[in-house]
Amino acid sequence: MKPGNKPDPFTAKAHKEGYLARSVYKLEEIDRRIRLTRPGLRVLDLGAAPGSWTQYLANKVGARGHVVALDLNPLRFAAPKHVHAQEIDILACPVSDIARLGPFDAVVSDMAPHTSGVRDSDVFRSVELVERAIVIADASLKKGGTFVAKIFQGEGFDATRAMLRTRYETVRVLKPEASRKESIEIYLVGLSRREDPPPLDPAAAPPAPAGAPG
Ligand SMILES: C[S@@+](CC[C@H](N)C(=O)[O-])C[C@H]1O[C@@H](n2cnc3c(N)ncnc32)[C@H](O)[C@@H]1O
């Protein structure tokens, strides 16, 4: 912490309550607002490491439920038996391999790219991750299920929200209190998945900014 900076209350709370990251309070607020979790649910947690969302979800769904936690990196806690954790690149792994681990009642994604500081490029990579999460949810989420994904605001946000509107009865945009005001992140929520999602339209995706990987 820089001298003069106030300690972040969410970081202090996470430390006190045994959570691995302050991000858990974003999920907690989303859960409070949309009633995402309950005992017995099966949840897919994309971009799960170090693991605060997984800790929270595992506790909320309980031993009768199941959490599949996927990330490039390992979880940093000893997960209980009803958590299946796997290290994978979600952009590279075939969607069918992930769908095989379902079906799920909820798909949540806190995935974020390594930020480069070049806003257009960071936004492009974030949108790419959300689109992948949407396709994974198309293949693995039960009808009536819930989708939550972090996205960086910018080019592609409106098109991504429009994609969700074709797939979910209700789409909401939430900025939890624990999300820093200066951060461009926001959460897209799809409530009640419709029966047959239309195929993802590649033409709807924004063009890659100069310098972004192809
Ligand atoms: C903000 S962190 C998630 C924090 C987590 N929700 C928690 O509460 O501990 C974003 C995560 O997205 C993951 N991620 C980014 N791109 C990914 C990819 N292509 N495949 C899998 N995970 C990815 C990163 O490895 C990182 O752990």
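Me: Which residues come nearest to the ligand?

Reply: "Near" here means that a residue's C-beta atom, placed from the backbone, lies within 6 Å of the molecule. The ligand has 22 residues around it, and Gly47, Ser52, Trp53, Ile90 and Asp110 come nearest. Keep in mind that this is a predicted model: local features need pLDDT of at least 70, side-chain atom pairs count only at pLDDT 80 or more, and totals for chains, interfaces and linings use all residues. Residues are numbered from 1 along each chain as its sequence is written.

Me: Is strand β1 mostly covered or mostly open?

Reply: A strand is a DSSP run of E, at least two residues long, numbered from the N terminus. A residue is buried if 20 or more other C-beta atoms lie within 10 Å of its own. Strand β1 (residues 42–46) is mostly covered, with 4 of its 5 residues buried.

Me: How many bridges join β1 to β2, and how many to β4?

Reply: Strands pair if DSSP finds at least two bridges between them. β1 runs parallel to β2 (residues 66–71), with 5 bridges, and parallel to β4 (residues 104–109), with 4. Take Leu46: its bridge partner in β2 is Leu70, and in β4 it is Ser109.

Me: What does Leu46 touch?

Reply: Contact means C-beta atoms, placed from the backbone, within 7 Å. Not counting residues up to four places away in sequence, Leu46 touches several residues, including Leu70, Ile90, Val107 and Ala133.

Notes
Buried ≥ 20, exposed ≤ 12 C-beta atoms within 10 Å, placed from the backbone. Contact = placed C-beta atoms within 7 Å.
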